[in-house]
Amino acid sequence: MDLEIHQALTAEEIEHVKQITNTGNLYYDYDPLIEQARNHAFYVCRQFNQTFAQTGHGEMQLMMDLFGDLGNHAEIGKGFITEFGFNLHVGDYFYAGQNLKVIDCNVIKIGDYVQVGDNCGIYTSNHAFDPQKRADHWCSDHPITIGSHVSIGNDVTVLPGITIGANTVIRSGSIVTHDLPADVVAAGTPCTVIENLSDKAE
């Protein structure tokens with residue numbers, strides 16, 4: 001791939017993209033700097049995923065350079081992809097299994113000691129509801145917050161604008177369509193609370 005295609009954005013260019021994508025308003029998704037940010041992130045993710053074949057693990061320094069924040073002792077499995085990287089803020093002792101897809105077109109904040117299973121998706125992006133605007137590549141994006149000590153099972157999807165409270169457990173196969181409080185077990189499609197953990201001891 002040509003260097004020009006996956007060249008990293010400057011700090012000023014990143015702020016320009018954030019001013020477009022992080023407002024929650026509709027915007028044109030094929031802005032040249034947005035495309036450059038996306039292409040660079042995809043390139044870095046390909047490099048990261050290729051390191052598994054070479055070393056048996058991912059080169060986390062690549063993610064340190066790409067993410068907005070990445071805490072200590074993080075581990076991410078192969079098959080990882082993110083849209084921008086710079087909108088993704090991850091705490092300490094983060095673990096993600098294989099094939100995590102993160103569309104961080106708006107801010108995603110993930111606390112400490114969060115575990116994410118295989119084949120999960122965390123998506124901030126909505127395509128326009130109007131069919132013509134959608135065909136013309138207009139989008140809006142809404143932030144996601146995941147509290148500390150959250151456990152997310154395999155094959156879980158988290159939709160735009162969601163907040164998941166601390167210590168919550170989300171069972172495998174769930175689709176999280178609305179906010180979840182702290183200290184609960186939740187499951188299903190749509191994901192709903194099935195148990196309260198606040199008065200239980202492990």
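This is a predicted model: local features need pLDDT of at least 70, side-chain atom pairs count only at pLDDT 80 or more; totals for chains, interfaces and linings use all residues.
Student: Which residues form helices α1 and α2, and at what angle do their axes cross?

Tutor: Helix α1 spans residues 11-21 and helix α2 spans residues 32-55. Their axes come within 10 Å and cross at roughly 110 degrees.

Student: Why is α1 called roughly perpendicular to α2?

Tutor: Angles of 65 to 115 degrees count as roughly perpendicular. The crossing is at roughly 110 degrees, and therefore α1 is described as roughly perpendicular to α2. As for handedness, α1 passes α2 in a left-handed crossing.

Student: What makes up the contact of α1 with α2, by residue and by class?

Tutor: From α1, the residues E13, H16, V17, I20 and T21 take part, and they meet L33, I34 and Q36 of α2. By class, this contact has four nonpolar, three polar and one charged residues.

Student: Why does E13 count as partly exposed?

Tutor: Buried means under 20% relative accessible area, and exposed means over 50%. E13 has a relative accessibility of 25%, so the residue counts as partly exposed.

Student: What does E13 touch beyond its sequence neighbours up to four places away?

Tutor: With those neighbours set aside, E13 touches A8, L33 and Q36. E13 and L33 are 20 residues apart along the chain, and their C-alpha atoms are separated by 7.2 Å.

Student: What makes the pair formed by E13 and T10 a polar contact?

Tutor: A polar atom of the E13 side chain lies 2.9 Å from the backbone nitrogen of T10.

Technical notes:
Residues are numbered from 1 along each chain as its sequence is written. Side-chain values use heavy atoms; hydrogens and water are left out. Axes are lines fitted to C-alpha atoms, for helices over the stretch in contact, and angles run from 0 to 180 degrees between N-to-C directions. Helices (H or I, at least four residues) and strands (E, at least two) are DSSP runs, numbered from the N terminus. Angles under 35 degrees count as roughly parallel, over 145 as roughly antiparallel, 65 to 115 as roughly perpendicular and the rest as oblique. A crossing is left-handed if the near helix is turned anticlockwise from the far one by less than a right angle, and right-handed if clockwise. Contact means heavy atoms within 4.5 Å. Ala, Val, Leu, Ile, Met, Phe, Trp, Tyr, Cys and Pro count as nonpolar, Asp, Glu, Lys and Arg as charged, and the others, Gly among them, as polar. Buried means under 20% relative accessible area, exposed over 50%, partly exposed in between (1.4 Å probe, protein chains only). A polar contact is a pair of N or O atoms within 3.5 Å; within protein, one must be able to donate a hydrogen and the other to accept it, and residues adjacent in sequence count only if both atoms are side-chain atoms.
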